Amino acid sequence: MSKYEELAAKGAELVEKRNKASSGSERELLNKEIRAIRQAQLKALSEEVQAALKLAIPAMVEKAIKESDVVKAIEELQRS
């Protein structure tokens, strides 16, 4: 289970508690906690995406260079 999924589960629990809360102050406190969890979820998701891109970008660039014949053009310029 990823950090994002763990936070989603915790957020769902807090939403249930908030919906069952009887006092307004208790609901407001739970709303603050829910907002904090949502922010943490976004941060976790952002970190996962960044990590995936760090791994994928070099391979994508290498593939693009091979497909564009840039290497051949550089070799021809070096021969000239």
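Student: What lies at Ala-56 in α2?
Tutor: A kink of about 30°, shortly before the proline Pro-58. The bend at a residue is the angle between axes fitted to the seven residues ending there and the seven starting there. This is a predicted model: local features need pLDDT of at least 70, side-chain atom pairs count only at pLDDT 80 or more, and totals for chains, interfaces and linings use all residues. Residues are numbered from 1 along each chain as its sequence is written, and side-chain values use heavy atoms, leaving out hydrogens and water.

Student: What span is expected for α2, and how far does α2 reach?
Tutor: Helices are DSSP runs (H or I, at least four residues), numbered from the N terminus. The expected span is 1.5 Å times one less than the number of residues. With 44 residues, α2 reaches 62 Å from its first C-alpha to its last, close to the expected 64 Å.

Student: Why do Glu-62 and Lys-66 count as a salt bridge?
Tutor: The term requires a side-chain nitrogen of Lys or Arg within 4 Å of a carboxyl oxygen of Asp or Glu. Their N to O distance is 3.2 Å, so the pair qualifies. Both residues lie in helix α2, 4 residues apart, about one turn of the helix.

Student: Is Lys-66 buried or exposed?
Tutor: Buried means under 20% relative accessible area, exposed over 50%, and partly exposed in between (1.4 Å probe, protein chains only). Lys-66 has 58%, so Lys-66 is exposed. Glu-62 has 47%, so Glu-62 is partly exposed.

Conventions. Helix = DSSP H or I, 4+ residues; strand = E, 2+ residues; numbered from the N terminus.
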